[in-house]
Amino acid sequence: MKKGFLSIVLHAHLPYVRHPEYDGFFEENWLFEAMTECYIPLINVFDRLHQDSIHYRLTLSLSPTLIAMLGDELLQSRYRHYLAKRIELAEKEIIRTRKNPQMQKLARLYRRFFINIAETYQVHYQCDLLAAFKKHGQQGQLELITTAATHGFLPLLNLSETAVRYQVDLGLETFEDSFGFSPSGFWLPECGYYPGLEKILEKSGVNYFFTDTHGVIDASVAPVNNVYAPLDCGNGVMAFARDPESSWQVWHAEDGYPGHVDYREYYRDIGFDVDVEEAYLAPYLLDGKTRINTGIKYHRITGEGDGSGKALYDPRTAQYQAETDARDFIAKRQLQINGLAENMDVTPVIVSPYDAELFGHWWFEGPAWLESVLRLASEKGNGIETISAGDYLKKGVSHQLAVPAFSSWGDQGYSCFWINEENDWIYPFLHKAAGEMEQLVMDFRGLIVSPRQQRALNQALRSLLLAQSSDWPFIMKAGTTTAYANQRITDYLARFNYLHDCIRRNKINEKYLLALETMDNIFPEIDFRQYCSSPD
Amino acid sequence: MSLPENALKKQFTGKELFAISKKISRSYTPVMPEKEADGRLTQQQLLEVSHNISLYYGPRILSDTHTLALLSIDPEHFYVYWNLADSHAYQCAHGYQEDDLKLRVFSHDNEYQQSSKARLLYETSISATQARQKITVKTTDKAVVYSASLGKLCSENKFIALVNSNEIHSFHETCKPRYFHESEGDSSRRSEQKIINPKSLSVTSHFASSWHSGKGIQKE
């Protein structure tokens, strides 16, 4: 049997959705749902694999906005409350479903699930999930990397090289502040690459990044090893490309594993399903009125249909299916490697990057599937070894020189999901603000600034960065929570404009500045002077 | 007795005066002690600040700035936006009227010799001094970079640029648009997930978007 490597990459990211100005905020639930269904279940998987001495390597990218939110005391406190409410609701569900034993069994399962999540979070890791990821990084199973500071889509920010460079540098610094080292690899937001970006990455000390398949297939020189070996961009920075086959099996909305009829149905949540008097669900809804996901879902995908005739979920069958799909995934990688290794002069590496939030949130059984994949891959003699991209490069093999092509992993493979009729209005404003920020920094270079001026300049930079997130134009195009995305980008640009105006007029209102610092408290160590380098 | 203004002008350029001013500021700007924030603001106060700032400082493009930006969408499309000062005084100074304006896109063989190697790739008349649009261009295999100019056409058919864009790198000749073959008349949420072959696999990557976990599944 031929030998090859499997490099699974999980990219964990959420936009900055912290809202201290409200008691509770709908979009903060994105974080809490991801923690409950994805991040903590994944940590439980890593813990179990470690306890069982399973050898594996996996690359985990943590975005700086997610790092900031996981470490934020306010959000930690709100999350504890969220979990307590989920346990409380599950207990109420056990009583409500008493006449339906099958459903009641599921309600009990959810109670155990939430309690288990709370134990991992509060007891095992003292509300510090970053410590959990760090532990597994130090134990050698995870290679931790990061991405741009606020996940800006770099190909559309590169009107200003300064803006791109700072997104990269601040992302790396934020990661280093939390984990104590600078990562070797860098996740390009949305896999958005443009020729020339590798030069910025090189200056920032990045050794490798990931592109979508066509980024390497359409490179300046045709890749001799297809996407199964990295390209050297010409400056020592390596580009790994996404393997289309393994992506298809997991990502594909209809033919991918997550669409199997036995898996849990995401869209049948009791927050929408349960027809009970308002008082029953009110404590778990938005403002006590608006129906939202509660995390308790009793149905399985079942099959085609409008969602009304779904069968009840069976956790054992779903677990069995996850293991079956994991075996299928590994078997297909073995076949792939056998075919590839015959024609390659280096050991092939299959790069399989996924959004971490797919595992557990969208695909409830995703963590179980991943655990099975890693256990199966660790079995001796199967020809597969899991590896991180950084480890692969440490093998010291020289790689083909070529510059990848402009690409992203979004719809149609380029920029169109982030610039189109739904969201194009943002770019003149983003570019203008980036230019004004750069000018501010230049004008204040070498000058003595008062503490308040310094705080205002730093805060202006935070506002700019938060406006640059790729999430806002994505949501505008996706048509999901567009009002929120529009509000976020408008607010951040307004906050930047306000601070810019105050700084220029040297009239900085302490109350307003403090309010902005309180609301947008990301990147506490930011220093506006670092935004653009000195001309000399 | 003070020196006549002309005497000063002869000795220092504006740049030199600015440098002196900056040097003095650097060393001698008084640093006043400031009262540090000593209390937390209430949620109501935070909301008021946020509301007031959004009300008065919402994003707007000033009419006295001149911008032309070119962005890559895919191998067949660029995105361009521009903003020319729309004051009558500016128009008179530069001798044009709104309907004289042309937008041109150029390709260049060499990144650093724009003027000598520029080839006209696309031209269109524009009527607004502030707009944005997606343009379809036939890219050339030889091109290294693209740029755009917005200007006026003179009587001798000579093009005078009023504002030039940034440069963007070309796509490699192997890059092709990656359209979906299935009907895209569906909602954007659905069509973004329609995948024809593994090479054109696209990702619906965001938490806030929907995930179609099975056939026929409807979003809430």
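I counted the secondary structure of chain A first: 20 helices and nine strands. I note that this is a predicted model.

Next I checked the overall fold. The radius of gyration of chain A is 24 Å, close to the 24 Å from the globule rule for 536 residues, so chain A is as compact as a globular protein of that length. I read the span of the C-alpha trace along its principal axes as about 70 × 65 × 45 Å. Buried residues account for 67% of the 536 in chain A. I also looked at contacts between residues at least 6 apart in sequence: 80% of them join residues at least 24 apart.

I have about 18000 Å² of accessible surface for chain A, with 48% belonging to carbon and sulfur atoms. Chain A carries 51 positive and 70 negative side chains, and the centres of the two sets lie 5 Å apart.

A:Arg242 sits in the loop between β7 and α10, A:Asp212 in the loop between β5 and α9. Both residues are buried.

A:Glu436 and A:Lys432 pair at 3.5 Å, N to O. I place both in helix α16, four residues apart, about one turn of the helix. Both A:Glu436 and A:Lys432 are buried.

I also logged a salt-bridge network of A:Arg48, A:Asp52, A:Glu371 and A:Arg375.

Key. Residues are numbered from 1 along each chain as its sequence is written. Chains are lettered from A and ligands numbered from 1 in the order in which they are written. Side-chain values use heavy atoms; hydrogens and water are left out. Helices (H or I, at least four residues) and strands (E, at least two) are DSSP runs, numbered from the N terminus. The radius of gyration is taken over C-alpha atoms; the globule rule is 2.2 Å times the number of residues to the power 0.38. Buried means under 20% relative accessible area, exposed over 50%, partly exposed in between (1.4 Å probe, protein chains only). Contact means heavy atoms within 4.5 Å. Accessible areas come from the Shrake-Rupley method with a 1.4 Å probe; for residues, only the protein chains shown count as cover. Lys and Arg count as positive and Asp and Glu as negative; His and the chain ends are not counted. The place of a charge is taken as NZ of Lys, CZ of Arg, CG of Asp or CD of Glu. A salt bridge is a side-chain nitrogen of Lys or Arg within 4 Å of a carboxyl oxygen of Asp or Glu.
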